[in-house]
Amino acid sequence: MNPYEESQTHIVEANRLVHAEDVQSARFHFRKAADLQWSFVKALPRHRVRTISVYGLSAASLYYRAHALDEAERIACLLLSRQWIE
């Protein structure tokens, strides 16, 4: 399973756990998905602007859903500070 597929598996499980009202476990899976997506973004070459924009925002959103607010804010600010970001 590649990192994208693995992150999607964590997202599906997290959403299932949210509906089951198991917030702590859901946050764990949102965090795992965010870590995978952010690692993917960091490994991309700078010319992959659109991919960095999409997956970077996704990672920030997932950190937010994991209640990792400092990470979500850090990534959002980092991405928005780049003039070339879409």
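Visitor: What makes the pairing of the Gln-37 and Ser-7 side chains a polar contact?

Guide: Their side chains come to 3.3 Å. A polar contact is a pair of N or O atoms within 3.5 Å; within protein, one must be able to donate a hydrogen and the other to accept it, and residues adjacent in sequence count only if both atoms are side-chain atoms. So 3.3 Å qualifies under the 3.5 Å limit. Please note that this is a predicted model, where local features need pLDDT of at least 70, side-chain atom pairs count only at pLDDT 80 or more, and totals for chains, interfaces and linings use all residues. Residues are numbered from 1 along each chain as its sequence is written, and side-chain values use heavy atoms, with hydrogens and water left out.

Visitor: How do you know that the buried residues of H1 line one face of the helix?

Guide: Those residues are Ser-7, His-10, Ile-11, Ala-14 and Leu-17. Seen down the axis of H1, they fall within an arc of 130° (taken from the directions from the helix axis to the C-beta atoms), so they line one face. Val-12 and His-19 are exposed on the face turned away.

Conventions:
Buried < 20%, exposed > 50% of the residue type's maximum accessible area, 1.4 Å probe, protein only. Helix = DSSP H or I, 4+ residues; strand = E, 2+ residues; numbered from the N terminus.
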